[in-house]
Protein chains: 2
Amino acid sequence: MITQSPIFWLTPLASILALGFAAWFYMRMKSAPEGTSRMAEIASHVRAGAMAYLKQQYKIVGIFFIILTITFAILAYGFGLQNGWVPFAFITGGFFSGLAGFFGMKTATYASSRVAHAASQSLNSGLRLAFRSGAVMGLVVVGLALLDIAVWFLVLNHFIDDPDQGHKLTIITTTMLTFGMGASLQALFARVGGGIFTKAADVGADLVGKVEAGIPEDDPRNPATIADNVGDNVGDVAGMGADLYESYAGSILATAALGAAAFAGNPAAVADGTAYKAVIAPMIIAAVGTILSILGIFVVRTKEGASQRNLLDALSRGVNFSSLLIVILSWVVLYLLEIPNHWGIWGAIVTGLIAGILIGKTTEYYTSQEYKPTKHIAQNATTGPATVIISGLGVGMLSTAIPVITVVVGTILAYCFASGSWKFTPESMSMGLYGIGIAAVGMLSTLGITLATDAYGPIADNAGGNAEMSGLGPEVRKRTDALDSLGNTTAATGKGFAIGSAALTALALLASYVEELKIAVDHLQVETIEIAGHAVESAKILKANIPEFMTIFEVHLMNPKVIVGLFIGAMMAFLFCGLTMNAVGRAASRMVEEVRRQFREKPGILEGKDMPDYARCVEISTAGAQREMIIPSMLAVVVPIATGLLFGVPGVFGLLGGGLAGGFVLAIFMANSGGAWDNAKKYIEEGHLGGKGSIAHKAAVIGDTVGDPFKDTSGPSLNILIKLMSMVSIVTAGVNIAFTLF
Amino acid sequence: MITQSPIFWLTPLASILALGFAAWFYMRMKSAPEGTSRMAEIASHVRAGAMAYLKQQYKIVGIFFIILTITFAILAYGFGLQNGWVPFAFITGGFFSGLAGFFGMKTATYASSRVAHAASQSLNSGLRLAFRSGAVMGLVVVGLALLDIAVWFLVLNHFIDDPDQGHKLTIITTTMLTFGMGASLQALFARVGGGIFTKAADVGADLVGKVEAGIPEDDPRNPATIADNVGDNVGDVAGMGADLYESYAGSILATAALGAAAFAGNPAAVADGTAYKAVIAPMIIAAVGTILSILGIFVVRTKEGASQRNLLDALSRGVNFSSLLIVILSWVVLYLLEIPNHWGIWGAIVTGLIAGILIGKTTEYYTSQEYKPTKHIAQNATTGPATVIISGLGVGMLSTAIPVITVVVGTILAYCFASGSWKFTPESMSMGLYGIGIAAVGMLSTLGITLATDAYGPIADNAGGNAEMSGLGPEVRKRTDALDSLGNTTAATGKGFAIGSAALTALALLASYVEELKIAVDHLQVETIEIAGHAVESAKILKANIPEFMTIFEVHLMNPKVIVGLFIGAMMAFLFCGLTMNAVGRAASRMVEEVRRQFREKPGILEGKDMPDYARCVEISTAGAQREMIIPSMLAVVVPIATGLLFGVPGVFGLLGGGLAGGFVLAIFMANSGGAWDNAKKYIEEGHLGGKGSIAHKAAVIGDTVGDPFKDTSGPSLNILIKLMSMVSIVTAGVNIAFTLF
């Protein structure tokens, strides 16, 4: 057994601190007054709808998890193609990810009426309560992830019996990746299902309510309005929670596996503990980042009577505090761990942080109504819907350039810093890849607080809905709108981190796939393996460094199997978006029909005399989301396996490369087009170009509606798709070695 | 000097036949009566506008060609990094491609009034004249391409002095690729410039004319209407001509280079002429296909008084006749040439043909109003513009799956047939790649006739415009509409061939890049080359087969430089589309302002009392297109060079792979979304879902307007972008070897 270094215990400690503070913030939030009984009643409707949805969602997802767990158990115990821990690790990853979403949503649904009430007192107390509620989500996500990681690391260290400590570290870290796969699968279901739910309800409510019946947003006469608010919770809160749990855990696990890959083959590095330290380094940095996030949350305070500018400054102060300190403390951690080339590794972490910030700033530039691109789209609204759509698509496509260049430069810098050289020598590759992984960890290290500022947005949005439906005065709605628009700015940065880290993590996962393939070769215990018509000695594969390995398996860009994989990967991103876009369209049209039916059959609803049937709309969105989420999510599991069976290792590499490049660019395009349309509409609503009710406004509303599934369903799911495909390939690597058709 | 085999002379013969028949069809068309003087006058306006545009376009493109030719001359004569023939080959490629566009447009602009007049006699005579005019374009394109190829092959064979015949073949074929680059660059300018012109005029004319002033399409009172008709010529005719010239020549040249790569290194294959025959095989197949196309054109005849169904059958009969015979005769050609594994190579050709047909059928399924997807989009128009846009985007994204799977299966089959094995052994690679190239040649072999059915569409469309503006009766317009809609169906298949062949050709070009890199290494005459921090002997590189070459240059999917290239490649496709979409938006809004100004300043125009200033609108579209085409086209040249300078050979391979996969999928998505919106609108106009003037129709018109730049500007340019980036990399391969930053 590997003796844990004292510094390792920071990980469970940070986890317990995060969960403890989350519980404390939760209880403080719950003890806040809920406002009028009308407010409490509406909140309870939304809560009931959200919980009903989640219950249904977890049931269906549960079936998938059971099927996959049994499959993995058969592969592991029946065919010996996998480690026996895989099924268990897989299921706990899914469980904890689901739990993070559940807690986040519970908090959000209790917070809405309370934040609305607080906002009716003052803007400042509204901000404080909304932010603290968001912090529950942030801390639950990082706390549960660190808990899962620490416990599995201890358990596997205890039970896996291998005299070769280096080999043992490799087995432990690659096994732990399976729990990343569980988290990714759960997250994909949450994002896709939640995304379809929320946009079906939103589009349905808007089309009949706002456009046909001419009643305002969140009007209680609209039967879909509760479903719309439930959607904000299941999509933006539970979906985002599961998504970032997956990103956070994934980056730490991938980097730990790369640490083992870089050092565990070198007996000297194993003997002096360097290999072990490289494995725990990402965990420790994440733990320190979590403690700093808790401190940062306390830094966010404003004086009573502060302006909106002050509020934004307060939020930024908290995030900057944590980010700045993690820059300093991560150096200290690396220094204390005596990681080789600790300056270089630290450079990679700083590169990751800066890249995340740059991507966030770019998102802000392309989607905020304060800058040219969104104003340009708004301007195009004056000539009608066609030009607003064309310009939104054009701006979204252009907006992919800077994030891609940032990731390109970040990848190269992180690699060169960590490998300590500007030459990409084959020998430096494993350290360079470790650098890319740890850059992603650096980017996400202060997730506790960035996610708090991110989750705060939908909470403020919901509070606004509650205020509107409860008939609170326009000044309260104005305050919740101010809180909401503040959230949009901070959320842009959060999205930048999520998408940037996805690119780097996916890259790191490619390296883990190589390790897992080697383990599979080792596991098979055969003398030779046939690759591209030639028998290759297993021993040669096991001894190969990464470039040699790629040569043996012919994973170069002239191999048609790689090219074919690239095509399939790029196609997967589009196919997935097409399926989810169409799903939103179908679910929304069912909602439109239901709302029209209610208005038709009970004319009293529009006059405010009859109660609309809110529950029926929630049921329709739930049923639509559940039915529609299955095929796209299954594709993410089935296609990597099928590609592996057909085209072997080169095909899978192509698939992952094509999916990563195509999916990353498509995700930025969709997220930014959607965000820009949303804010172009807001810009016009602020009174520009004719304001509300003008031709430009009508055109901009159409742009916003098209953008809804872009930015809240298809776009954000792509991050997870990219990583889930990698995770599936890693977990089924044994199959890729044992069976290939071509 | 290599003695030409008698069969080689088929190539210049077919070229002369094609050009001769084109001239004959052209003269017959010109001798047809032009109708009323009003018809002749309108046609002369359109012709003058189109020629003015082309003159301006060729001026600007000329400047680029001069700059690049000088650059290549400096690289060749100054630094010795290139063959001295490169600048000349480059400039002739551009010249002939431009010539093909010029002749096509000249024909189309003379044909419009004549076809309108013929249609006023009978549907059948309208079809015959339109199709024969389209045939001029088809035959000019293949005739000029075969002429250019034959002449350069003879010239280089005469002047290049190399005792090693195999080496000489390699030098000749790779040098000839530079003329492919000239053709691609000319084609990109033509597609982008023409695409921006036509859509700016179209969107501008529709937005002010149809929507604001409420006058019908092609109404002579609309000042932008002549510009709109000019646009159909410069975009759909000249742009398409240059595009397919590039595709056709590119596939033949790439395959010839692969033939040299497969056999020229083997002294026995050089001695017995196999290497030479593998090089000329694609030329001969194209030549035979051209002769069959001429025969096929004569097969297209109908009896007087034939129904529309008969007309479509007549067109199909011509295409099927040529396609079926090429299947048989290509086997004969391969057999006579005694190409090794001629059954397998033949299998690759048939695979290519079938893949092209399948992609065409898929395009038809997803974009024709006879099938579910387009009807579904039309259905979604009933709930407004937002749902029509969402469903159009969704359908377009889904429609990428089958073409990608077709290309995947086609690539694998062509490779395996040609290499004669299902195992992808390193030894079989060069034959397999040759198979992929020749599959593309097979797909395009009967371009003479498929392009005739394709070019016939815009000619019929223009005839309709002429009929409307000349005030011919509604029954004439109905006939030209019938001709036009027939053209839409045949054009779908044509587009399938263009896009499918682009994917296969781009793949083949990757292999040519490897050959060109080797030639560059040879040319440098140094002992060793530094790659990834290690000195590698030049001799080792020159002896390497493709997998060994990829290993030496570290072009595997774990190299961050490759991954970074993939990101840039995928981003390029989006950036390019974003730039062109925005360009259309900007140019269209200038057109909107101009049309509004004319209506405002001369109220008599709308009453039919004043003449609108058509020329001013043509000028605006011309200026807009010229200004806006420069940046996207330059990017296609600059980015591959910059990527090569920064990240060397692995970066360029990544760029080309990412651009190919991402660009191919994006191109299908945009083309099919655009086509489906167009036909969803037509479906409603046929009287479904409320017909013209209904809410659904208004929404569908918005979808069609969004789809315009999708299907006529950005989408079709992507094919060329993909190949141009490969061509640029091939031509500047010497630079990639000599200078690399990382």
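**Reading a two-chain model, residue by residue**

Biologist: Which residues does A:T425 touch, not counting residues up to four places away in sequence?

Modeller: A:T425 touches A:Y415, B:A532, B:G533 and B:H534. Contact here means heavy atoms within 4.5 Å.

Biologist: What kind of model is this, and how are its residues numbered?

Modeller: This is a predicted model, where local features need pLDDT of at least 70 and side-chain atom pairs count only at pLDDT 80 or more, while totals for chains, interfaces and linings use all residues. Residues are numbered from 1 along each chain as its sequence is written, chains are lettered from A and ligands numbered from 1 in the order in which they are written, and side-chain values use heavy atoms, leaving out hydrogens and water.

Biologist: Back to A:T425. Where is its place in chain A?

Modeller: Start with the elements. Helices (H or I, at least four residues) and strands (E, at least two) are DSSP runs, numbered from the N terminus. A:T425 has its place in the loop between α13 (401-419) and α14 (429-444) of chain A.

Biologist: Is A:T425 buried or exposed?

Modeller: Buried means under 20% relative accessible area, exposed over 50%, and partly exposed in between (1.4 Å probe, protein chains only). A:T425 has 14%, so it counts as buried.

Biologist: How many helices and strands does chain A have?

Modeller: Chain A has 22 helices and two strands. Its radius of gyration is 25 Å, close to the 27 Å of the globule rule for 742 residues, so chain A is as compact as a globular protein of that length. That radius is taken over C-alpha atoms, and the rule is 2.2 Å times the number of residues to the power 0.38. Along its principal axes, the C-alpha trace of chain A spans about 80 × 50 × 45 Å.

Biologist: What share of the residues of chain A count as buried?

Modeller: Of its 742 residues, 70% count as buried. Look at the contacts too. Among those in chain A between residues at least 6 apart in sequence, 82% join residues at least 24 apart.

Biologist: How many residues of chain A are in contact with chain B?

Modeller: 86 residues of chain A are in contact with 86 residues of chain B. Buried area is the accessible area (1.4 Å probe) that two parts lose on being put together, summed over both. Between chain A and chain B this is about 7,400 Å², and carbon and sulfur atoms give 85% of it. A:M558, A:F567 and A:F574 supply 12% of the area that chain A buries against chain B, more than any other three residues.

Biologist: Which residues of chain B have a positive phi?

Modeller: B:E338 is one of them, at about 55°, although it is not a glycine. B:E554 is another non-glycine residue with a positive phi, about 60°. Both sit in loops. B:E338 is between α9 (308-337) and α10 (342-367) of chain B. B:E554 is between α18 (546-552) and α19 (560-601) of chain B. Their accessibilities contrast: B:E338 is exposed at 57%, whereas B:E554 is buried at 8%.

Biologist: Where is the place of B:G487 in chain B?

Modeller: B:G487 is in helix α16 (residues 474-524) of chain B. At 1% relative accessibility, B:G487 counts as buried. Leaving aside neighbours within four places in sequence, B:G487 is in contact with B:Y456 and B:G457. Compare sequence with space. B:G487 and B:D454 are 33 residues apart in sequence and 6.7 Å apart from C-alpha to C-alpha.

Biologist: Which residues is B:A150 in contact with, leaving aside its neighbours within four places in sequence?

Modeller: B:A150 is in contact with B:F8, B:T11 and B:P12. B:A150 belongs to helix α4 (residues 123-159) of chain B. B:A150 is buried, with a relative accessible area of 2%.

Biologist: How does A:F321 count by relative accessibility?

Modeller: At 29%, A:F321 counts as partly exposed. A:F321 is in helix α9 (residues 308-337) of chain A. Not counting residues up to four places away in sequence, A:F321 touches A:L292, A:L295, A:G296 and A:V299. The C-alpha atoms of A:F321 and A:K602, 281 residues apart along the chain, are separated by 55 Å.
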